[in-house]
Amino acid sequence: MRLLVTGAGGMLAHDVMRAGERAGHEMAGLTRAELDLTDAAAVAAAIASTRPDGAINCAAWTDVDGAESHREQAHAVNADGAGNLARAAAEAGVELVHVSTDYVFDGHANLDGDGRPRPYLERDPTGPRSIYGQTKLAGERQVLQASPRHAVVRSSWLFGVDGPNFVETMLRLAGERERVQVVTDQIGCPSWTGHLAPALIGVLDRGVSGLAHLAGGGEVSWNGFAQEIFRQADLACQVEPAGTAEMGRPAPRPAFSALASERDDVLPMPPWQDGLGGYLAARAARAGSLG
């Protein structure tokens, strides 16, 4: 297939382009500078000129805290921009996979029969607490309203070699100090873009539509994630506990936003620990090739 990837300059899109090429697809990537999703006419023209068989939307306003003070800009990209692409794709008969987020949930843990928190499933009600989450949810709705053939894939806590991310931040801090403070009261699913990207290609290949959850298997706090980063990287940096309230961030974060899928047509991603190992290996390989 010929696949169009929007937001091609971003971290996830780089891995999607590579995964698509490995799968034998012809990939056409458009960066934000090359395609402004908020321009409906430009989006329609891009679909007409590239003539893709499928599309994956990796373009998004991802500044969670910045969205609190730039609601209109975030909504223009995450909601209306996604809608522009979804409608243009639908009119051209092109299936779209749109990437969304765990931040569409309120973070109040669902409880299973034993009173333990369970991951959010596709059928669970949403309730975003942040402007970012609200704009992403609005985008989901526009995408799904545009065509029953479109898919919305929610993922979480992304990290990859082609963009700033939590793992890279922790590795940098470990080289600067002996201990770091990381929150213990936010729990989710770290997801390596090297695993998520081929999973997104698979969603298109299999014609999956509607809502789907794809994230690293298992769940952990940011604090526990940091500890595993240092363990796998063999770094002697102590991880101290902290609370979200101490961080003073403008946007509220979900306290519990682990994701799982109840769909039998969605292949689960590997455990998040495997994703971390893959990231560290890819990072080392890239450093070796540059050196």
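**Exercise 1. Which residues in helix 6 meet which residues in helix 8?**

Let's work it out on this predicted model.

Step 1: Find the two helices. Helix 6 covers residues 166-174, and helix 8 covers residues 222-233.

Step 2: List the partners. From helix 6 we get Phe166, Val167, Met170, Leu171 and Ala174. Across from them, helix 8 brings in Trp222, Phe225, Ala226, Ile229, Phe230 and Ala233.

Step 3: Sort them by class. The contact between helix 6 and helix 8 has eleven nonpolar residues, with no polar and no charged ones.

Step 4: Check the geometry. The axes of helix 6 and helix 8 are 10 Å apart and meet at an angle of about 65°. The crossing of helix 6 past helix 8 is right-handed.

**Exercise 2. Is Asn165 buried or exposed, and what is it in contact with?**

Step 1: Asn165 sits in the loop that links strand 8 (158-159) to helix 6.

Step 2: Use the cut-off. Buried means under 20% relative accessible area. Asn165 has 7% relative accessibility, so Asn165 counts as buried.

Step 3: Look for contacts. Skip the neighbours within four places in sequence, and Asn165 is in contact with Met11, Leu158, Phe159, Gly160 and Tyr279.

Step 4: Zoom in on the side chain. A polar atom of the Asn165 side chain lies 3.0 Å from the backbone nitrogen of Val167.

**Exercise 3. Which residues touch the most other members of the largest nonpolar core?**

Step 1: Name them. This core has 26 residues, and the ones touching the most other members are Val16, Ile56, Val97, Leu200 and Leu214.

Step 2: See which elements supply it. Strand 1 (2-6), helix 1 (11-22), strand 4 (95-101), strand 7 (151-155) and helix 7 (193-205) each give two or more residues to this core. Helix 7 gives the most, with seven residues.

Step 3: Follow one member. Beyond its neighbours within four places in sequence, Leu200 is in contact with Leu12, Val16, Ile56, Val97, Val99 and Val153.

Step 4: Look for another core. There is a second, separate one of 24 residues, which includes Ala174, Val180, Leu276 and Leu280.

**Exercise 4. Where is His98 found, and is His98 buried or exposed?**

Step 1: Find the element. His98 belongs to strand 4.

Step 2: Decide on burial. Its relative accessible area is 1%, so His98 is buried.

Step 3: Name the surroundings. Leaving out neighbours within four places in sequence, the contacts of His98 include Asn57, Lys136, Glu140 and Val153.

Definitions and conventions
Residues numbered from 1 in each chain as written. Predicted model: local features only at pLDDT ≥ 70, side-chain atom pairs only at ≥ 80, totals over all residues. Heavy atoms only, no water. Axes fitted to C-alpha atoms, helices over the stretch in contact; angles between N-to-C directions. Helix = DSSP H or I, 4+ residues; strand = E, 2+ residues; numbered from the N terminus. Left-handed = near helix turned anticlockwise from the far one by under 90°. Contact = heavy atoms within 4.5 Å. Nonpolar A, V, L, I, M, F, W, Y, C, P; charged D, E, K, R; others polar. Buried < 20%, exposed > 50% of the residue type's maximum accessible area, 1.4 Å probe, protein only. Polar contact = N/O pair within 3.5 Å; in protein donor to acceptor, adjacent residues only side chain to side chain. Core = buried A, V, L, I, M, F, W, Y, C linked by side-chain atoms within 4.5 Å.
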